Amino acid sequence: MTEQHVYPVPEALKQKAAIDADTYQSLYRQSVEQPDAFWAAQAETFLDWQEKWHTVCKSDLRKGEVAWFLGGKLNVSVNCIDRHLEARGDQTAIIWEGDDPSEDQLITYRELHEEVCRLANVLRERGVKKGDRVCLYMPMIPEACYAMLACARIGAVHSVVFGGFSPDALKDRIQNADCQVVITADEGVRGGRKIPLKTNTDKALAECPDVHTCLVVKRTAGDIQWEDSRDVWYRDAVEAASPECEPEWMDSEDPLFILYTSGSTGKPKGVLHTTGGYLLQAAMTHKYVFDQQEGDVYWCTADVGWVTGHSYIVYGPLANGATTLVFEGVPTYPDAARCWEVVDKHGVNSFYTAPTAVRALMGAGDDFVKRTSRKSLRILGSVGEPINPEAWEWYYKVVGDERCPIMDTWWQTETGAHMMTPLPGATDLKPGSCTKPFFGVQPVLLDSEGNEIEGAGEGSLAIKASWPSQLRTVYGDHQRCIDTYYSTYPGYYFTGDGARRDEDGYFWITGRVDDVLNVSGHRMGTAEVESALVLHEQVAEAAVVGYPHDIKGQGIYAYVTPMTGVEPSDELKKELISLCVKEIGAIAKPDIIQWAPGLPKTRSGKIMRRILRKIAANELDSLGDTSTLADPAVVDDLIDNRANR
Ligand code: ATP
Ligand code: MG
């Protein structure tokens, strides 16, 4: 690859941030050499416990057994709300920014407390008890946060289903987690379009006879059907309930939520997280990774339907008493300047988004960014996919004015919180690298025999020791949990991702292990070839997969989306091929380039390479689980226009 740029820690941050390079080194060493002492101290610092734990950690990765802070008792909503009331009752807890730029709302910690208590009482009155599952199918409105916290207050387990999912996907998730209560809204609003949440819920519930209560938030007052025996207006119920609610004291290992993964690699898994360890790592990473300071306004653009929304819109920031921004809309509505206008409007200090959004905004051009100030911004973040160095540089230079370090956070639904990430005051940055492990996290690279690779090298990314926010099981299917994460490499948690470690000990995620290319015996990450392709100024996005090739074993099949207004040509194909040769080597030369007006993505915006692999291999009758696909029409187009071989 071309000579990597290194961006040193900005001087201002070196002095002011909570963790500098030396502190990172010594604390990291302590966190892996004396994990019990390290985590006990953090648990005391970050959380309030009703009863202290007797054992910090009991885990056996060979058996997939994980438990943290055993015997400890606490309540997540108390940690996120009640304990802040005295010092910051009147501080804004949630800034809500509506889809329509003229709509917003500020909610203080005191108001949050009242809303959550009232709703918790409603749920209790409707018979919801500790351990019962409640499904949330909500737009990005404050009530979504209230609902998560209300469940946590009474010990109910929430299962948030992204509001963009179909009735069928919703039904599957309600049935899989055996939910008896659903909270939704009449309609959601995104990018000026209405989403028929209640109508979708009605369709799903036609096949969920066990659901006895459906609470409905009135968001648009649109036309909906009503089932008297089951449906209840949220506001009416909440107003009739008491604003005080005794929390349920939960065991540290009691479940907090179930959340289904994005489905990039197959049928979604219902990942189960528990209480103490999860909240600790969510809070700690939020504080250190975004260098959260008193009074900061923090904005994560994820949807609460994804784990990023759980840990970094709701639980992490609120546990730290921060001000968290909840955005109902999309980054490109009314136009591609929206994010930066919101940053200026609310004085946002840290901004956390996904590469798919960065690439989309980059494609729209710099003018949208440049007409805004963004001077409040201090830290930028990225999550969800490898961020191509090209997009990284744009984010850094154009959005952050070369002032704001980018935290490229690698983690998964299953890990609950950040696992590898820079820290603003401690880590020099390399575009495209998630840099180093967070405290207590021990990543290793394994070769095909399962041996640990020392020093620089490339292999399967696994984690060697338990961490507090680790998944505990796949809901209702512990065997699938063992098979997926603990059987491939006994004694390790297997991430499913491949990674490379460079001479400086920096990690680079190369893509899913299933996606790794093996061309004439040379192994290559899809991310590397894609990054080379998007270096071309006429390319907006690219996805690369392997396909069966008589001579090479695997050939490289590249799907390329040109920038808006660019006419695909054979000339451009030739330039792209030379670019790959120049950046990586002759071995990385794409055998086939197919122009793709769009790429198949999950609803969380990730490229679904497994579908592209099937199209490339001409295996059209086995596309696999496509239920989490954002736009099925994209796949039809790619099939119709696939290359002849
Ligand atoms: P499924 O497990 O159902 O296939 P998924 O893996 O896409 O879906 P998530 O848990 O939302 O579901 O995503 C985690 C994955 O996202 C990681 O395993 C990794 O492949 C990718 N990822 C997340 N953050 C980063 C990052 N900063 N750099 C590179 N890859 C990332
Ligand atoms: Mg996954």
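This briefing describes a ligand site, a pocket, cavities, a helix and a loop residue in one protein structure. The model is predicted, so local features are given only where pLDDT is at least 70 and side-chain atom pairs only at pLDDT 80 or more, while totals for chains, interfaces and linings use all residues. Residues are numbered from 1 along each chain as its sequence is written, chains are lettered from A and ligands numbered from 1 in the order in which they are written, and side-chain values use heavy atoms, with hydrogens and water left out.

**Ligand 1**

- Ligand 1 is surrounded by 21 residues, the closest being T261, S264, T265, T413 and K606, where a residue is near if one of its heavy atoms lies within 4 Å of the ligand.
- This shell has 5 nonpolar, 9 polar and 7 charged residues, with Ala, Val, Leu, Ile, Met, Phe, Trp, Tyr, Cys and Pro counted as nonpolar, Asp, Glu, Lys and Arg as charged, and the others, Gly among them, as polar.
- An N or O atom in the side chain of S264 is 2.5 Å from an oxygen atom of ligand 1, and a polar side-chain atom of Q412 lies 2.8 Å from an oxygen atom of the ligand.
- A nitrogen atom of ligand 1 lies 3.1 Å from a backbone N or O atom of G384.
- Ligand 1 taken alone exposes 630 Å², of which the protein buries 95%, the areas coming from the Shrake-Rupley method with a 1.4 Å probe.

**Pocket and cavities**

- Rolling a probe the size of a water molecule over the atoms shows where empty space is left.
- On a 1 Å grid over the protein atoms alone, a cavity is a set of points where a 1.4 Å probe fits but cannot get out, a pocket is an open set with protein on both sides within 12 Å along at least five of seven lines, and lining residues have an atom within 4 Å of a point.
- Grid points are joined across faces, edges and corners, and a volume is the space filled by probe spheres set on the points.
- The second largest pocket has a volume of about 430 Å³, and among its 18 lining residues Y28, P437, P443, R501 and F507 are the closest to its centre.
- Helix α2 gives the most to the lining of this pocket, with 4 residues, where helices (H or I, at least four residues) and strands (E, at least two) are DSSP runs numbered from the N terminus.
- The count of cavities of 30 Å³ or more comes to 7, and the largest cavity holds about 130 Å³ of space.
- Of the 13 residues that line the largest cavity, G432, W508, I509, A527 and S531 lie nearest its centre, and β25 (507-512) and α18 (526-534) are the elements that give two or more residues to this lining.

- Helix α16 (residues 389-399) is largely enclosed by the rest of the structure, because 9 of its 11 residues are buried, which means under 20% relative accessible area, with exposed over 50% and partly exposed in between (1.4 Å probe, protein chains only).
- Among the buried residues of α16 are W392, W394, Y395 and Y396, and just after the helix D401 takes a positive phi of about 50°.
- T427 lies in the loop between β20 (406-408) and β21 and counts as buried at 7% relative accessibility.
- A polar atom of the T427 side chain lies 2.9 Å from the backbone nitrogen of L423.

Technical notes. Polar contact = N/O pair within 3.5 Å; in protein donor to acceptor, adjacent residues only side chain to side chain.
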